[in-house]
Amino acid sequence: MQVIDFSKSNSVINLYMSELRDKNYQRNRMLFRHNIRRVGEMMAFELSKTLEYKPKTVTTPLGTLEIPLPKEDLLIATVLRAGLPFHEGFLNVFDHADNAFVSAYRMYTNREHTEVGIHTEYMAAPSPKGKTLIIVDPMLATGGSMAAAIEALIKTGKPKKVHIASVIAVPEGLEVVKTVLPEDSTIWCAAIDPGMNEHKYIVPGFGDCGDLCYGEKL
């Protein structure tokens with residue numbers, strides 16, 4: 001299994017990440033969503049280099065030529081609600097892909113808010129059977145919601161290949177996700193942070209992605 005961490009190399013993704021993490025930039029909700037979307041677009045472009053291609057003859061006004069095009073059927077899945085702008089970034093690049101949506105969210109299970117459980121209640125998705133499945137979720141913290149989404153989707157059909165994409169991950173979440181992924185899967189991260197605090201938020205991270213994108217929830 002391959003884990004790709006874009007923070008290990010210099011690219012414009014680092015600029016977007018610096019703004020996402022900056023508490024002053026976070027006051028601009030539209031900019032925050034836009035940067036999540038741009039990280040998705042950049043990550044999707046890099047992922048596109050790993051797909052299989054086949055030539056297609058294209059007719060121009062002045063002639064014909066062969067252009068290699070992706071030959072794989074793609075299914076892009078996301079976890080509601082924080083995953084929506086990240087998903088949009090991938091869909092801007094893979095605009096012919098099918099789409100899937102999973103409601104999987106964490107709930108604190110003790111009064112101190114230090115233990116969490118995962119609750120899933122909704123999924124709208126075509127079968128991933130034979131497709132390249134890309135599951136996108138900005139925060140890979142405990143890994144519980146991502147693991148639940150993976151299991152729910154794969155239950156409906158075996159994909160050809162699975163990619164996991166996150167803006168920020170931590171080692172603990174990566175290990176949890178690896179236990180439910182096929183061995184040849186790839187995990188893409190804009191950054192891997194050291195760990196989580198007692199409330200299971202990534203540190204240094206950038207806070208609650210869903211709240212920063214759309215406003216605080218009850």
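**Close-up views of a predicted model**

**View 1. Helix α4 is mostly covered in this predicted model.** Of the 11 residues of α4, which spans residues 144-154, eight are buried. The buried positions are G144, S145, M146, A147, A148, A149, I150 and L153. An α-helix has 3.6 residues a turn, so residues three or four places apart point the same way.

**View 2. G157 lies in the loop that links α4 to β9.** Strand β9 covers 161-169. With a relative accessibility of 12%, G157 falls under the 20% limit and therefore counts as buried. Leaving out residues up to four places away in sequence, G157 touches S127, P128 and K129. The C-alpha atoms of G157 and K131 are 9.2 Å apart, although 26 residues separate the two in sequence.

**View 3. Helices α1 and α2 cross at roughly 150°.** Helix α1 consists of residues 13-21, and its axis comes within 9 Å of that of α2. An angle over 145 degrees counts as roughly antiparallel, so α1 and α2 are placed in that class. The crossing of α1 past α2 is left-handed. On the α1 side, the contact is made by I13, Y16, M17, E19 and L20. On the α2 side, these residues meet L31, F32, N35, I36, R38, V39 and M42. By residue type, the contact of α1 with α2 contains nine nonpolar residues, one polar and two charged.

**View 4. L31 sits in α2, which runs over residues 29-48.** Apart from neighbours within four places in sequence, L31 is in contact with E19 and Y25. L31 and E19 are 12 residues apart along the chain, and 8.7 Å separates their C-alpha atoms. Both residues also belong to the contact of α1 with α2, E19 in α1 and L31 in α2.

**View 5. N24 is in the loop between α1 and α2.** N24 is partly exposed, with a relative accessibility of 45%. Between the C-alpha atoms of N24 and P55 the separation is 47 Å, for a distance of 31 residues along the chain.

**View 6. Helices α2 and α3 pack at an angle of about 40°.** Helix α3 comprises residues 84-93, and the axes of the two helices are 7 Å apart. The pair is therefore oblique. The crossing of α2 past α3 is right-handed. From α2, the contact takes in R33, I36, R37, V39, G40, E41, M43, A44, F45 and L47. From α3, the residues in contact are P85, F86, E88, G89, F90, N92 and V93. This contact divides into 10 nonpolar, three polar and four charged residues. I36 and V39 of α2 take part here, and I36 and V39 are also among the α2 residues that meet α1.

**View 7. D5 belongs to strand β1, residues 2-5.** D5 has a relative accessible area of 14% and is buried. Beyond residues up to four places away in sequence, D5 touches C189, A190, A191 and I192. D5 and W188 are 183 residues apart in sequence, yet 6.3 Å apart in space, C-alpha to C-alpha.

**View 8. K200 has a positive phi value, near 70°, without being a glycine.** K200 is located in the loop between β11 (195-196) and β12. With a relative accessible area of 24%, K200 is partly exposed.

**View 9. The peptide bond from V203 to P204 is cis.** Its omega is near 0°. P204 is in the loop between β12 (202-203) and α6 (209-214).

**View 10. Confidence of the prediction along the chain.** The chain has a mean pLDDT of 90, with 91% of its residues at 70 or more. In residues 108-114 the pLDDT is below 50, and this stretch has 15 contacts in the model beyond near neighbours in sequence. Where pLDDT is low, the predicted coordinates should not be read in detail.

Key:
Residues numbered from 1 in each chain as written. Predicted model: local features only at pLDDT ≥ 70, side-chain atom pairs only at ≥ 80, totals over all residues. Heavy atoms only, no water. Helix = DSSP H or I, 4+ residues; strand = E, 2+ residues; numbered from the N terminus. Contact = heavy atoms within 4.5 Å. pLDDT = per-residue confidence, 0-100. Axes fitted to C-alpha atoms, helices over the stretch in contact; angles between N-to-C directions. Parallel < 35°, antiparallel > 145°, perpendicular 65-115°, else oblique. Left-handed = near helix turned anticlockwise from the far one by under 90°. Nonpolar A, V, L, I, M, F, W, Y, C, P; charged D, E, K, R; others polar. Buried < 20%, exposed > 50% of the residue type's maximum accessible area, 1.4 Å probe, protein only.
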